[in-house]
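Here's a quick, friendly tour for anyone meeting this structure for the first time. Take a look, then read on.

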Amino acid sequence: MKVLALDYGSARTGVAVSDPTGTLARPLCVVPQAASEAGLARLRALVRDEGAERVVVGLPLTLRGERGAQAEETERFVDVLRAVVDVPVETFDERFTTSLAGPGEGEDARAAAHLLSSYLERSSTT
């Protein structure tokens, strides 16, 4: 199953995609202001163009596993995204993906790729 992963942020959202077998993840791009009308249209086009069968959005829980303000904002974004794409959208704990990606250009897309790799690993064992 081909999966598109999003590392959501109000300013920039990193996007990664898996291969058709759902085994490998690669950074794809960054979508500015993903919750805007233009951002949602871009995400809808990426889902279609990449042939994604599922979208996974990183849920930034606190280190204690609780939902803070950023997680609540992300959940509101997920609700809107579900209304504009024709594939299932789910959340996945992303607490450590941004720090794994490291600083620099493309950090958001790399964070999305780390998120997707973790999701694919978990999915292959369940």
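## A tucked-away glutamate

E94 counts as buried, with 8% relative accessibility (buried is under 20% relative accessible area, exposed over 50%, partly exposed in between, using a 1.4 Å probe and protein chains only). You'll find E94 in the loop between β5 (89-93) and α3 (97-101); helices (H or I, at least four residues) and strands (E, at least two) are DSSP runs, numbered from the N terminus. Skipping neighbours within four places in sequence, E94 is in contact with D7, G58, L59, P60 and L115, where contact means heavy atoms within 4.5 Å.

A word on the model: it's predicted, with local features needing pLDDT of at least 70 and side-chain atom pairs pLDDT 80 or more, while totals for chains, interfaces and linings use all residues. Residues are numbered from 1 along each chain as its sequence is written, and side-chain values use heavy atoms, leaving out hydrogens and water.

## Helix α1

The buried residues of α1 include G39, L40 and L43. Those buried residues pack against β1 (3-7), β2 (12-18), β3 (25-32), β4 (54-59) and α2 (69-84). Just past α1, G51 has a positive phi of about 65°.

## Salt bridges

There are 8 salt bridges in the structure, each a side-chain nitrogen of Lys or Arg within 4 Å of a carboxyl oxygen of Asp or Glu. One joins R12 and D108, with the closest N and O atoms 2.6 Å apart. R12 sits in strand β2 and D108 in helix α4 (residues 107-125), 96 residues apart. R12 is partly exposed at 47%, whereas D108 is buried at 12%.
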